[in-house]
Amino acid sequence: MSKLIASSFLVSLLFLLQFSSPVFSIRKDVSLQSTSTCRTTVQGRYLIADDMGQVCDALSIDPHSRCCRGKSERFSCNGCNLVLQCCNSYEFFVSCCLNPSRTQKDLAVNVKISKPITAGMYSSIFDFCTGRCRHNSESVVHENAYLSEFHHCFSIPSYSSSGGASGVQTEVRLAGINVVIGKQGESCDSVCKSSGQSCVPNKFVLLNQCETMHKYLSCKGGCLASVGADQPAEVVDDAPRDLNPGACLYTSQASVLSCDGSHQHTKRLCPCA
């Protein structure tokens, strides 16, 4: 009986070998290929920017990779003012910001998301570019209106861990602001109102520095530290000698800066919008 079973097994094995195709080699290229995926913006109604720096409409997004399909331009700055580093479109703002020549990674990842000490840092350039204008209070006036059409700005803010604001950054942060020299004894509320605008108090910190005041005022009597709600300001020439006629005054006490401050012997430097 056992010989019969062994014989049947042998016949079956020979049958399978006869009709099976020979194996010449073992394939080593068979694997599950990983598909790279893109992170994208979710802000706009019509356009989307991916983390490769491409901008497209929602219908042009690849459903698998979530990247823009086709040959769209990378790092496009369409609708951007490159001097101000600001754009009028959120998606092109992100695309332009992602260009390594415009945003340095080592600086972007050291930027705090907001001013409080407990605020975290951006983890990547894409996070910096997508989040910068959402958390940028410097782009608005009275917290309910934009200062300018170019309100999406990707400059490194002054409260980043990389240091203070440079002269260029100060100009960027003053985008949309009219810096006006008031009349003697006039408050900034009055100065701005006379031109149909409003005083923007959170911009005083940018004007309250010698470098900025020298651009708008003569400061022929020097630039001196002082204390007063009327600062930054310039002392008029005919002021008493002990008040330093012709000098520009700034204060280290930012809390005293206000739109309604004034002094009979100074002309204020006012941020209006």
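This is a predicted model: local features need pLDDT of at least 70, side-chain atom pairs count only at pLDDT 80 or more; totals for chains, interfaces and linings use all residues.
A disulfide is a covalent bond between the sulfur atoms of two cysteines; here the term is applied to a pair of cysteine sulfur atoms within 2.5 Å. The bond between C80 and C87 is right-handed, with 100 degrees about the S-S bond. C80 has a relative accessible area of 16% and is buried, and C87 is buried as well, at 0%. (Buried means under 20% relative accessible area, exposed over 50%, and partly exposed in between, using a 1.4 Å probe and protein chains only.)

C87 also leads us into a sheet. Strand 4 covers residues 86-87, and C87 stands opposite H152 in strand 7. Strands 4 and 7 pair in the antiparallel sense over two bridges. Helices (H or I, at least four residues) and strands (E, at least two) are DSSP runs, numbered from the N terminus, and two strands pair if DSSP finds at least two bridges between them. The open sheet has three strands in the order 3-4-7, with antiparallel pairing. Strand 3 (80-81) and strand 7 (152-153) each have a single partner strand and stand at the edges, so one side of each is left without a neighbour in the sheet.

The structure holds ten disulfides, and two others deserve a visit. One joins C56 to C68, S to S 2.2 Å. C56 sits in strand 2 (residues 55-57) and C68 in the loop between strand 2 and strand 3, so this pair ties together parts that are twelve residues apart in sequence. The link is left-handed, with -80 degrees about the S-S bond. C56 is buried at 8% relative accessible area, and C68 is buried at 7%. Another disulfide connects C188 and C270, S to S 2.1 Å. This pair links distant parts of the chain, with C188 in helix 6 (residues 188-193) and C270 in strand 12 (residues 266-272), 82 residues apart. It too is left-handed, at -85 degrees about the S-S bond, and both of its cysteines are buried.

Next, look at T103, in the loop between helix 2 (90-97) and helix 3 (105-108). T103 is buried, at 3% relative accessibility. Its side chain reaches the backbone oxygen of C97 at 2.6 Å. That is a polar contact, meaning a pair of N or O atoms within 3.5 Å; within protein, one must be able to donate a hydrogen and the other to accept it, and residues adjacent in sequence count only if both atoms are side-chain atoms. Leaving aside residues up to four places away in sequence, T103 touches C97, A108, I125, F128 and F154, where contact means heavy atoms within 4.5 Å.

The whole structure has two aromatic pairs. Rings of Phe, Tyr and Trp (its six-membered ring) pair if their centres lie within 6.5 Å; planes under 30 degrees apart count as stacked, over 60 as edge-to-face and the rest as tilted. In helix 2, the rings of Y90 and F93 have centres 5.9 Å apart and planes at 35 degrees, so this pair is tilted. Y90 and F93 are three residues apart, about one helical turn, and both are buried. The rings of Y122 and F128 have centres 5.5 Å apart and planes at 90 degrees, so they are edge-to-face. Both Y122 and F128 are buried.

Our last stop is charge. There are two salt bridges, each a side-chain nitrogen of Lys or Arg within 4 Å of a carboxyl oxygen of Asp or Glu. R39 pairs with D127, the closest N and O atoms being 2.7 Å apart. R39 is partly exposed at 40% relative accessibility, whereas D127 is buried at 17%. The other salt bridge joins D237 and K220 (3.0 Å, N to O), and both of these residues are exposed.

Technical notes. Residues are numbered from 1 along each chain as its sequence is written. Side-chain values use heavy atoms; hydrogens and water are left out.
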